[in-house]
Amino acid sequence: MHGEYKVPGGKLVVADLDVVGDHVRQAQISGDFFLEPDDALERINGALAGLPIAIPAAQIAARVRAVLGDGVEMLGFSPEAVAVAVRRALTGATGWRDHQWEFVHDVPREPALQMALDEVLAEQVGSGERAPTLRVWEWASNAVIIGSFESLRNEVDLEGAAKHDVTVVRRISGGGAMFVEPGNTITYSLYVPESLVSGLSFVESYAFLDDWVIGALNDLGIAATYQPINDITSPAGKIAGAAQKRFAGGAVLHHVTMAYDMDAAKMLDVLRIGREKLSDKGTTSAGKRVDPLRSQTGLDRVDVIDRMVDSFRNRYGLGPGTIDAGTVDRAVDLVASKFGTEEWLTRVP
């Protein structure tokens, strides 16, 4: 059994396991990490021999840590990273390059239809009807997208939304409200098979699926980093927020909204952002929370998108994809039955 785990911001850890019955008979850990002294690798491999295949990652990490003791330097990885690589091997996880990725830069669509398309496309990947896909959205109108479990009245000033012609919709993933304007926002979705994140905790999967875009932003000259659970930040401020939804059919939806430019005053008119929510971001003013990509790169929005997509393509390969009329029809039906209804919008009043 073979499993790989690229530590976000760190090194690659590879686990090759010889499994007999319900135990690991022999293990070999390798990768481009740094480890001193040399015999520490033998100790790690020895700690993994005899593991029951159902052992949780935390217990694997504890075993590794126990045999290393003091005086061992692990650079670019950790006992937890070893545990993840082992769990990915034991669960048959796939790697990014095991899949043929497709790219869709979609046409502008209304907010409720965007919500519906996310669900339809993810289900298509889960059923094998569609290859794993990266989709860049375009917005047809201003919107606030609240998380699946957020209170509508607590998050949104509906009078402010009406004043600024902002459509309010609810998505299927958790997380916080996002304020978007056409041309000022970069939104993308990844529709991936569950096997890609197999062996990862939910928190680990956020960092794992965001690693490529952090690398792309770094290439643009932005010192972007991942901030658990679901933020991408830089020294100048927050750049983006991610959200995720897992489907029973075996697909994972991971979508990200990034601020390219922003009308902060308008956002404050529409979103009820409390002081407590801001305090954990280290700021005192909502208008200062997000530092748009335009100010950090000096590039046009289309150039930022092109550079990001090129980064994904160079890492993992990326072919052309489409959203056909039948898929749109399914999404339109879902708007009528779910995403465009008052019942869905007010499911948490």
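**Entry 1: H7 and H11**

I looked up how H7 and H11 cross, and the crossing is right-handed (left-handed if the near helix is turned anticlockwise from the far one by less than a right angle, right-handed if clockwise). This is a predicted model, where local features need pLDDT of at least 70 and side-chain atom pairs count only at pLDDT 80 or more, while totals for chains, interfaces and linings use all residues. Residues are numbered from 1 along each chain as its sequence is written, and side-chain values use heavy atoms, with hydrogens and water left out.

I noted that two packed helices are described by the angle between their axes and the distance between the axes. For H7 and H11 I wrote down an angle of about 120° and axes 9 Å apart. Axes are lines fitted to C-alpha atoms, for helices over the stretch in contact, and angles run from 0 to 180 degrees between N-to-C directions. That makes H7 oblique to H11 (under 35 degrees is roughly parallel, over 145 roughly antiparallel, 65 to 115 roughly perpendicular, and the rest oblique).

Which residues make the contact? On the H7 side I found Asp 211, Trp 212, Val 213, Gly 215, Ala 216 and Asp 219, and on the H11 side Arg 307, Met 308, Ser 311, Phe 312, Arg 315 and Tyr 316. Contact means heavy atoms within 4.5 Å.

**Entry 2: H11 on its own**

I followed H11 through residues 301-316; its 16 residues reach 23 Å from first C-alpha to last, close to the 22 Å expected at 1.5 Å a residue. The expected span is 1.5 Å times one less than the number of residues. Helices (H or I, at least four residues) and strands (E, at least two) are DSSP runs, numbered from the N terminus.

Next I listed the buried residues of H11: Arg 301, Val 304, Ile 305, Met 308, Val 309, Ser 311, Phe 312 and Tyr 316. They cover an arc of only 150° around the axis, which puts them on the same side of H11; the arc is that of the directions from the helix axis to the C-beta atoms. Buried means under 20% relative accessible area, exposed over 50%, and partly exposed in between (1.4 Å probe, protein chains only).

What covers these residues includes strands S6, S7, S11 and S15, along with helices H7 and H10.

**Entry 3: Phe 208**

Leaving aside neighbours within four places in sequence, I found Phe 208 in contact with Tyr 5, Lys 6, Pro 8, Arg 88, Trp 96, Leu 196, Val 197 and Leu 200.

**Entry 4: H1 and H2**

I then turned to H1 (residues 40-48) and H2 (residues 57-68), which pack at about 140° with their axes 9 Å apart. H1 and H2 are therefore oblique to each other, and H1 passes H2 in a right-handed crossing. Among the residues in contact I saw Ile 44 and Leu 48 of H1, and Ile 60 and Val 64 of H2.

Asn 45 is also in H1, and is buried with a relative accessible area of 13%. Not counting residues up to four places away in sequence, Asn 45 touches Ala 27, Gln 28 and Ile 29.

**Entry 5: H4**

Gly 128 follows H4, with a positive phi near 85°.
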